[in-house]
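Subject: Structure for your review

Dear colleague,

Please find below the structure that I am handing over to you.

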Amino acid sequence: MNKLAVVILAAGQGTRMKSKLPKVLHPIAGQPMVKYVLNAVMGLGEEKPVLVVGYGADLVRQTLGDAVTYVFQEQQLGTGHAVLQTREQLEGRAEAVLVLYGDMPLLSGTTLHTLVRAHETRSTPITMLTCVHEESMGFGRILRDAKGRVIGIVEESQATPEQLAIQELNPGVYCFEAAWLWAHLPRLPRSPKGEYYLTDLVGMAVAEGHAVEAIQVEDPLETLGVNDRLHLAKVEEVVRQRIRENWMRAGVTLVNPSSIYIDATVQMGQDTVIYPNTYLQGTTRIGSNCLVGPNTIIRDSTIGNDCRLEASVIEGAIVENQVSIGPFAHLRPGAHLAEGVHMGNFGEVKASYLGPGVKMGHFSYIGDATIGADVNIGAGTVTCNFDGIKKHRTVIEDGAFIGSDTMLVAPVRIGARARIGAGSVVTRDIPPDSTAYGVPARVKPKMGSGTEAASDADPSPHQTNKEKNVEDKELIALAIEARQKAYAPYSHYRVGAALLTASGKVYTGCNVENVSYGLTVCAERVAALKAVCDGEREFVAIAVVTENGGAPCGACRQVLAEFGPEMRVLATDVSGNHKVYTLRELLPVPFRPSHLLGDESGEPLD
């Protein structure tokens, strides 16, 4: 025979809670209140606790699973009737029976252990807990004789004014001698309400000449029960303060502790610092030496060591070691950030893996993607993963560089070490070690390869196809012709330009001028605009005709550099006298292809 059986009463609806949810399932610091009671009785008995259920029994079973043995109380006819339902399950199987309520989550295992040990050392059918408190909390009053012996319990509703003044209260936690209990439960009197109460067993024991032992709880807060939402809030406040104190004792720093909310199921490592207004919820695990907050929510997520998470929301995510996130970032379920990832402000990741060392710029969205190691994701990058019907994946291989404001239209794959120009819309796979840019993005041919830039546009009927090896003199002649067509009567700076693209097309332009407003669009940019509007993204050479054979202005050079940094520039006068430059020679700063992907210094933009 076992020494002790544990019975937890949890059949009531809790009408004062005004809720469809069974009272014992109302959450406190992230878990149902009855789980705190189960934790408190853990290890007291050799077998599973017996939980008496009634209202919402199926939901209780679904929540607690096989952690307990269930006994169903079909009619809720009081505490005595509830314990009587366990007789068939427990009679003859234990020497003593501990009875307590499922709505008292503050009871500690230490207090219950003290009660059980006291019962084992005394020859009495009943050992009970009592507490002394100025507020009655709706509990019955303990009645004692002149010698201080317990002689009965009177319910608050039936107490006289003198009895109501008694401050020793009955929280309803008992340890019974099992044989005596099973013999006396059927003999309980029916109350005026038609119910059977365990409190009446105290009077029965005293009437038989037995002593009733009372163990006073050191901390009256342990006996707080939950009968309404006000009680729920008060109990939760106590639970959360206990949690905070336990973590501070365990080596976690809480800055302004009362503003930090940590669920009972959270785990943290030493030397982690939690800043104000942070919520750690569910099955969250946080490693050592992390800085979390302020203004951060982490829910059901795993965080590694040495991470910095600021003003962000992280839910259902995995964050490995040495990751920095935020401020104002959002990790949605399925996000996995590998070691050393940096995620800037106003970024969002969903159902995606970011490999080691990835740098993800601000204002970016990564969804349904797999990203390799050491990838740079520029500011404003978006994986366009939803086509209106289903989600598609994006794959970015190791070492790729994604320029700012890039749209990656899934399904799409960016090869290893590929570089995507800022503002591109990528609709096709990009090979490794290539550079692509534009709308839609096209792969830039490598110098000297003889390959031509791909073009989705059909040849314009308004342009004349030329061979790619157009001679310089022919370009100059076309530029002079363009200049002659300029608006001579209105133009102060008569300039003509002829632009050769990689596809072999030639586009001409002349200065467009508005004298009234002092605005001029240079001939070079007019020609470039025509080419770009026709789908061209690679320039080979340009001839520019001015009065004195001057080279293109600085602004035009920068525009042309976006489409042909190595292009030839023929600066000529009206007589055809010309000089040949490469555009790189004319740029105000040394030009590198990374300019298309970053800032003027050539450094990558985040």
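The notes below set out what was found, from the whole chain down to single residues.

The structure is a predicted model, in which local features need pLDDT of at least 70 and side-chain atom pairs count only at pLDDT 80 or more, while totals for chains, interfaces and linings use all residues. Residues are numbered from 1 along each chain as its sequence is written, and side-chain values use heavy atoms, with hydrogens and water left out.

**The chain as a whole**

The secondary structure amounts to 13 helices and 50 strands. Both are DSSP runs numbered from the N terminus: helices are H or I with at least four residues, and strands are E with at least two. Of the 606 residues in the chain, 50% are buried. Here, buried means under 20% relative accessible area, exposed means over 50%, and partly exposed lies in between, with a 1.4 Å probe and protein chains only. The chain exposes about 27800 Å², of which carbon and sulfur atoms supply 51%; accessible areas come from the Shrake-Rupley method with a 1.4 Å probe, and for residues only the protein chains shown count as cover. Among contacts in the chain with a separation of 6 or more, 44% are between residues 24 or more positions apart, a contact being heavy atoms within 4.5 Å.

**The open sheet**

An open sheet of 12 strands with mixed pairing runs in the order S13-S16-S19-S22-S25-S28-S31-S34-S37-S40-S42-S43. Strands S13 (253–254) and S43 (442–443) stand at the edges with a single partner strand each, so one side of each has no neighbour in the sheet. Two strands pair if DSSP finds at least two bridges between them. Within the sheet, S19 (residues 291–292) and S22 (residues 308–309) run parallel and are joined by 2 bridges. Valine 292 stands opposite leucine 309 in S22.

The peptide bond joining glycine 293 and proline 294 is cis, with omega about 0°. Proline 294 is found in the loop between S19 and strand S20 (297–299), and asparagine 295 has its place in the loop between S19 and S20. Asparagine 295 has a positive phi of about 55° although it is not a glycine, and it is partly exposed, with a relative accessible area of 44%.

Which loop holds serine 424? Serine 424 lies between strand S40 (419–420) and strand S41 (425–426), and its 0% relative accessibility makes it buried. A polar atom of its side chain lies 2.7 Å from the backbone oxygen of glycine 421, and a polar atom of that side chain lies 3.1 Å from the backbone nitrogen of glycine 438. Leaving aside neighbours within four places in sequence, serine 424 is in contact with residues including Asp405, Tyr437 and Ala441.

Aspartate 405 lies in the loop between strand S37 (401–402) and strand S38. Its phi is near 65°, a positive value in a residue other than glycine. Aspartate 405 is partly exposed, with a relative accessible area of 47%.

A cis peptide bond is also found from alanine 410 to proline 411, with omega near 0°. Proline 411 is in the loop between S38 (407–409) and S39.

**The nonpolar core**

Of the 65 residues in the largest nonpolar core, Ile325, Leu331 and Ile414 touch the most other members. Such a core is a set of buried Ala, Val, Leu, Ile, Met, Phe, Trp, Tyr and Cys residues joined through side-chain atoms within 4.5 Å. Helix H9 gives the largest share, 6 residues. Not counting residues up to four places away in sequence, isoleucine 325 touches residues including Leu309, Leu331 and Met343.

Histidine 119 is found in helix H5 (residues 109–121) and, at 7% relative accessibility, counts as buried. The C-alpha atoms of histidine 119 and alanine 214 are separated by 9.7 Å, although the two residues are 95 residues apart along the chain. In helix H12 (residues 554–561), the buried residues are Cys556, Leu560 and Ala561. They cover an arc of only 135° around the axis, which puts them on the same side of H12; the arc is that of the directions from the helix axis to the C-beta atoms. Their cover includes helix H11 (523–533), strand S48 (539–545) and helix H13 (583–586).

Yours sincerely

How values were computed
A polar contact is a pair of N or O atoms within 3.5 Å; within protein, one must be able to donate a hydrogen and the other to accept it, and residues adjacent in sequence count only if both atoms are side-chain atoms.
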